[in-house]
Every structure is written in structure tokens, then in C-alpha cells.
Amino acid sequence: MAISLQKGQKVDLTKGNPGLKKIVVGLGWDVNKYDGGNDFDLDASAFLLNAEGKVAEDGNFVFFNNTSSPEGAVVHTGDNRSGVGEGDDEQIKVDLSSVPSSVAKISFGITIHEAKERRQNFGQVSNSYVRVLNEETGEEIIRYDLGEDFSVETAIVVGELYRNNAEWKFNAIGSGYQNGLAGLCKDFGLDV
């Protein structure tokens with residue numbers, strides 16, 4: 001049975017699941033009824049961060065236009081432009097055993113594409129979540145439902161995987177940003 005997390009809660013991932021090597025980070029959301037005339041296009045992304053919390057090279061920013069980290073340890077499975085349907089809207093696969101030792105943590109975000117131009121924000125989105133699955137078995141290990149804490153934000157860091165000695169842990173972050181993907185990239189040391 002999956003562990004359900006609250007904002008700020010941390011949990012062991014590999015210690016409690018011996019032999020776990022490959023995971024899938026699934027992100028999902030629904031769009032509230034919205035009268036603006038534009039479709040919502042939410043995007044998942046992963047930032048492979050060094051010990052200083054920065055992306056060391058552009059290839060360590062994994063998203064719909066760069067679907068794999070340089071060594072292939074983190075892979076975005078594709079861009080869902082509508083969020084329609086049940087289950088995960090976008091997924092990112094992580095081979096924990098292949099993540100370079102220079103990567104201290106992997107932060108996962110959801111952003112709204114062209115949010116400013118379309119006058120959209122996460123106040124118009126509901127049922128947002130992140131979950132971690134065992135890729136081999138499909139078993140859901142961790143789930144974090146974000147709730148309705150956001151109003152004007154256009155980007156959210158939903159959670160992060162991080163190393164703790166030889167083990168991997170997961171932290172439910174739930175931090176919102178008003179300046180979209182560009183703001184996330186800047187905070188993580190990238191120029192867009």
C-alpha cells in the first residue's frame with residue numbers, strides 16, 4: 001500500500017524497498033471549468049541538481065524538449081497537451097542506479113505552458129498529485145496530493161528525490177512560483 005504524504009514530509013524510498021532500482025514519477029491534474037477560451041497545457045519537468053542545488057549542465061534539465069538526461073538515468077515519457085483522461089498525465093522514469101554521483105537530488109515540477117499569455121494559473125487546476133511507482137511491478141509506493149493551496153502560481157515544485165548516504169528518499173515539497181518555468185529554471189541555475 002502506498003504511503004500518502006503531506007507537504008514537507010520526507011520518506012525513505014530505497015531503504016524500505018530493498019532492490020528498488022527503477023521508478024516512475026507520475027504527475028496528474030485536472031482543469032477546473034474555465035471560461036477563458038484557451039486550453040490548459042501543463043508540463044512536467046525534472047531538474048538534476050548538484051550539492052549546491054543547481055543544474056550543472058543544460059542536459060540535466062529534463063522536459064518535453066529534452067526528454068532524457070545525458071546518461072539516460074532520467075527520461076520524460078512524452079508531453080500530454082490536454083490532461084484529459086484518467087491516471088497520470090505525464091511520467092518521468094528514473095533509473096536510480098544510473099543517476100551520476102554528482103547529482104544530489106532530482107526536483108520535479110509542473111508548469112503551465114504560456115500561462116501569462118493565456119491568463120492561467122494553478123487556482124484553475126485541481127486534483128494535482130505526484131506519485132512514485134516501482135517501474136518493474138507498477139506498484140504505487142508514494143503519493144502526494146497537492147490540495148488546493150495555490151491561486152496565482154504558474155509553476156509548482158511538487159517533490160524531490162534526494163540521496164541520503166547510499167539511500168534515496170522522497171520529500172513532498174509543494175512550493176509554488178508566480179513566474180512559471182522561467183522562474184524555476186532561474187532558481188536552479190539555468191538561463192532561458
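Tutor: One definition before we start: a pocket is an open set of grid points with protein on both sides within 12 Å along at least five of seven lines, and its lining residues have an atom within 4 Å of a point. Also keep in mind that this is a predicted model.

Student: OK. How many residues line the largest pocket, and which lie nearest its centre?
Tutor: The lining has 14 residues, and Ile-112, Glu-114, Ala-115, Gly-180 and Leu-181 lie nearest the centre of that pocket.

Student: How much space is in the largest pocket?
Tutor: About 220 Å³.

Student: Which helices or strands supply at least two residues of that lining?
Tutor: There are β8 (105–112), α1 (115–118) and α2 (180–187). Of the elements, α1 gives the most, with three residues.

Student: And what classes of residue are in that lining?
Tutor: Four are nonpolar, six are polar and four are charged.

Student: What about the second largest pocket, how much space lies there?
Tutor: About 160 Å³. Its lining includes Thr-14, Asn-17, Lys-21, Arg-163, Glu-167 and Trp-168. By class, the lining of the second largest pocket has four nonpolar, five polar and three charged residues.

Student: Changing topic. Where is Ser-101?
Tutor: Ser-101 sits in the loop between β7 (90–95) and β8.

Student: Is Ser-101 buried or exposed?
Tutor: Ser-101 counts as exposed because its relative accessible area is 72%, and the cut-off for exposed is over 50%.

Student: How far is Ser-101 from Gly-28?
Tutor: Their C-alpha atoms are separated by 29 Å, and the two residues are 73 apart along the chain.

Student: Now the whole chain. How many helices and strands are there?
Tutor: Two helices and twelve strands. Along the sequence, the pattern is β-β-β-β-β-β-β-β-α-β-β-β-β-α.

Student: What is the radius of gyration, and what would a compact globule have?
Tutor: The chain has 16 Å, and a compact globule with 192 residues would have a value near 16 Å, so the two agree. The C-alpha trace spans about 50 × 40 × 25 Å along its principal axes.

Student: What share of the residues is buried?
Tutor: Buried residues make up 49% of the 192 in the chain. As for the surface, the accessible area comes to about 9,400 Å², and 43% of that belongs to carbon and sulfur atoms.

Student: Last one: what share of the contacts joins residues at least 24 apart?
Tutor: 67%, counted among contacts between residues at least 6 apart in sequence.

Conventions
Residues are numbered from 1 along each chain as its sequence is written. This is a predicted model: local features need pLDDT of at least 70, side-chain atom pairs count only at pLDDT 80 or more; totals for chains, interfaces and linings use all residues. Side-chain values use heavy atoms; hydrogens and water are left out. On a 1 Å grid over the protein atoms alone, a cavity is a set of points where a 1.4 Å probe fits but cannot get out, and a pocket is an open set with protein on both sides within 12 Å along at least five of seven lines; lining residues have an atom within 4 Å of a point. Grid points are joined across faces, edges and corners, and a volume is the space filled by probe spheres set on the points. Helices (H or I, at least four residues) and strands (E, at least two) are DSSP runs, numbered from the N terminus. Ala, Val, Leu, Ile, Met, Phe, Trp, Tyr, Cys and Pro count as nonpolar, Asp, Glu, Lys and Arg as charged, and the others, Gly among them, as polar. Buried means under 20% relative accessible area, exposed over 50%, partly exposed in between (1.4 Å probe, protein chains only). The radius of gyration is taken over C-alpha atoms; the globule rule is 2.2 Å times the number of residues to the power 0.38. Contact means heavy atoms within 4.5 Å. Accessible areas come from the Shrake-Rupley method with a 1.4 Å probe; for residues, only the protein chains shown count as cover.
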